[in-house]
Amino acid sequence: EMSEMSERSKQNVAHGLAWSYYVGYLKIVLPRVKKLMEEFSRANPNMLARRETWKLHILVPLSCDVYDDLERADSNIQYLTDLPETTLTRAGTKKRVYKHSLYAIRDEDNKLWHCAVEYATPLQSLYAMSQDECAAFSREDRLEQAKLFYRTLEEILKGSKECAGTYRLIVYEESGEAETHFLSRDILWHLRQQCHEYTVYEGNQPHNPSTTLCSTELSLQISESDLPQPLRSDGF
């Protein structure tokens, strides 16, 4: 009976998607990210100069609006190339390929920052569910589940020793206004913040990061319960 109630209220959708994303993908690829970047950097010494940003930057739009082509989302984001592939045999598939794309992010001074960026792909499932009548999944449900997905994924990754220091979650709520370069500014904030954090850690004089709104400053209203529950959206 409790299981049926949970399914009717869709409490387990995002929780399950976050765990599946971690176990089936992030736990596999994240521990290899820095090694792949080091390998790439040796062959291309000028492209990945900032070691503190040698992470997989995972975009989490709360709208669940995922672009297949990041260059369409923001013209200040340009695809460069792919990191070396990781090939594994998984679930009966021989030589399954895992790879990440490198992008150049152009800042306001026309300077290029290079990093690995991709969307959290399970958000596509949440968006598709909200478009399918059979799922009975409203836009409000989608927003609640997107918040819960982020919160659950963040907790999972924080508890994962093998993934420590290999990722950066970039959660954001798109502005209602048409801001052409919103996404690139948000990514740049995180890249600069990582450089800032690294400088402070090294004991040097910190420099000021971008004043762009940090996506982690979004006020996610989280339930204190350990059980997967819908999040409140009032005041968000």
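These legends accompany close-up views of one predicted model. Local features need pLDDT of at least 70, side-chain atom pairs count only at pLDDT 80 or more, and totals for chains, interfaces and linings use all residues. Residues are numbered from 1 along each chain as its sequence is written, and side-chain values use heavy atoms, with hydrogens and water left out.

**View 1. Helix 4 against helix 5.**
Helix 4 spans residues 122–131 and helix 5 spans residues 139–158. Helices are DSSP runs of H or I, at least four residues, and strands are runs of E, at least two; both are numbered from the N terminus. The two axes come within 10 Å and cross at roughly 165°. Axes are lines fitted to C-alpha atoms, for helices over the stretch in contact, with angles from 0 to 180 degrees between N-to-C directions. Helix 4 and helix 5 are therefore roughly antiparallel (over 145 degrees). Their crossing is right-handed (the near helix is turned clockwise from the far one by less than a right angle). Helix 4 contributes P122, L123, L126, Y127, S130 and Q131 to the contact, and helix 5 contributes R142, Q145, A146 and F149. Contact means heavy atoms within 4.5 Å. By class, the residues of this contact are six nonpolar, three polar and one charged. Ala, Val, Leu, Ile, Met, Phe, Trp, Tyr, Cys and Pro count as nonpolar; Asp, Glu, Lys and Arg as charged; the others, Gly among them, as polar.

**View 2. L17 of helix 2.**
L17 is found in helix 2. L17 and S125 are 108 residues apart in sequence, yet their C-alpha atoms are 8.7 Å apart. Beyond residues up to four places away in sequence, L17 touches P122, S125, L126 and F149.

**View 3. The largest nonpolar core.**
Such a core is a set of buried Ala, Val, Leu, Ile, Met, Phe, Trp, Tyr and Cys residues joined through side-chain atoms within 4.5 Å. Buried means under 20% relative accessible area, exposed over 50%, partly exposed in between, with a 1.4 Å probe and protein chains only. Of its 58 residues, F149 and I187 touch the most other members. Helix 2 (residues 13–43) gives the most to this core, with 13 residues. Leaving aside neighbours within four places in sequence, I187 contacts L59, I77, I105, C115, V117 and I170.

**View 4. Two loop residues with positive phi.**
Most residues other than glycine have a negative phi. A91 has a phi near 50°. A91 lies in the loop between strand 3 (86–90) and strand 4 (93–98). A91 counts as exposed because its relative accessibility is 81%. N110 has a phi near 65°. N110 lies in the loop between strand 5 (101–106) and strand 6 (112–119). At 53% relative accessibility, N110 counts as exposed.

Conventions: Parallel < 35°, antiparallel > 145°, perpendicular 65-115°, else oblique.
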